[in-house]
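Biologist: I would like to learn how to read a few features of this model, one after another. Please give me the general idea each time and then the case at hand.

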Amino acid sequence: MAIRPLVILPDSVLRQVSDPVQAITPEIKTLAAEMLETMYDAPGIGLAAIQVGVPKRIVTIDLAKQDEEKQPMVFVNPEVTWSSDETSIHEEGCLSIPEYYEEVERPARVKVRYLDLDGKQQEVEAEGLLATCLQHEIDHLNGVLFIDYLSRLKRERVTKRFAKAARRESAA
Ligand code: ZN
């Protein structure tokens, strides 16, 4: 098991559309385990495979608080099959856009169909933080970032800031 390096804005890898997983192989299970490890290390509550540079439709989530027992969840090929008209606003952050938080409005409840690591089809009806987190991570699989929901001004400002930081880093 290894912690994988995170892909950070404005890396164009984040805009790639991820491919469906064809079969739950040992490699996929290892990738999911390493994604969880990377997510816990960051620390974060959700991660999409593309954020560690792998364009496969896999999402890991754990919403347990620090003093609670871990509740790792893995979603393979997740798909929103229904979303409520009712919306809610949550402050979101992203491991690929570190230390940047903004409020985003999304459907308050969603149904998500996915495969578990045994290759069984599952469906979850989510609300609250899980609904937000699932939508945020599934967006990643389609090359969409939460900053895409912000005003153009805000999005350009944060993108510029991270582009500048990336240039500084490559110059160092
Ligand atoms: Zn994210």
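Modeller: What follows is a short walk through a metal site, some salt bridges and a charged patch. This is a predicted model, in which local features need pLDDT of at least 70 and side-chain atom pairs count only at pLDDT 80 or more, while totals for chains, interfaces and linings use all residues. Residues are numbered from 1 along each chain as its sequence is written, and side-chain values use heavy atoms, with hydrogens and water left out.

Biologist: Which residues are the protein donors of the zinc ion?

Modeller: Donors are N, O and S atoms within 2.8 Å of the metal (3.2 Å for Na, K and Ca), and because water is not among the atoms, sites may look incomplete. Here the protein donors are Cys94 through SG and His136 and His140 through NE2, at 2.0 to 2.3 Å from the zinc ion. Their spacing along the chain is C-x41-H-x3-H. Cys94 belongs to strand β4 (residues 87–94) and His140 to helix α2 (residues 128–141), so this pair links distant parts of the chain, 46 residues apart; helices (H or I, at least four residues) and strands (E, at least two) are DSSP runs, numbered from the N terminus.

Biologist: Is Cys94 buried or exposed?

Modeller: Buried means under 20% relative accessible area, exposed over 50%, and partly exposed in between, with a 1.4 Å probe and protein chains only. Cys94 has 11% and is therefore buried, and His140, at 1%, counts as buried too.

Biologist: How many salt bridges does a search of the whole structure find?

Modeller: Side chains of opposite charge can pair when their charged atoms come close. A salt bridge is a side-chain nitrogen of Lys or Arg within 4 Å of a carboxyl oxygen of Asp or Glu, and the search finds nine. One of them joins Arg4 to Glu34, with the closest N and O atoms 2.7 Å apart. Arg4 lies in the segment before α1 (26–41) and Glu34 in helix α1, so the pair ties together parts that are 30 residues apart in sequence. Another joins Arg106 and Glu92, again with 2.7 Å between the closest N and O atoms, and both of these residues are buried.

Biologist: Which residues form the positive surface patch?

Modeller: Patch members have over 30% relative accessible area and no salt bridge, with like charges joined within 9 Å and nonpolar side chains (Val, Leu, Ile, Met, Phe, Trp, Tyr) within 5 Å. In this model Lys160, Lys164, Arg167 and Arg168 form the positive patch. Lys164 sits in helix α3 (residues 152–171) and is exposed at 51%.

Conventions:
Areas by Shrake-Rupley, 256 points an atom, 1.4 Å probe, with all protein chains shown as cover. Lys, Arg positive; Asp, Glu negative; His and termini not counted. Charge placed at Lys NZ, Arg CZ, Asp CG, Glu CD.
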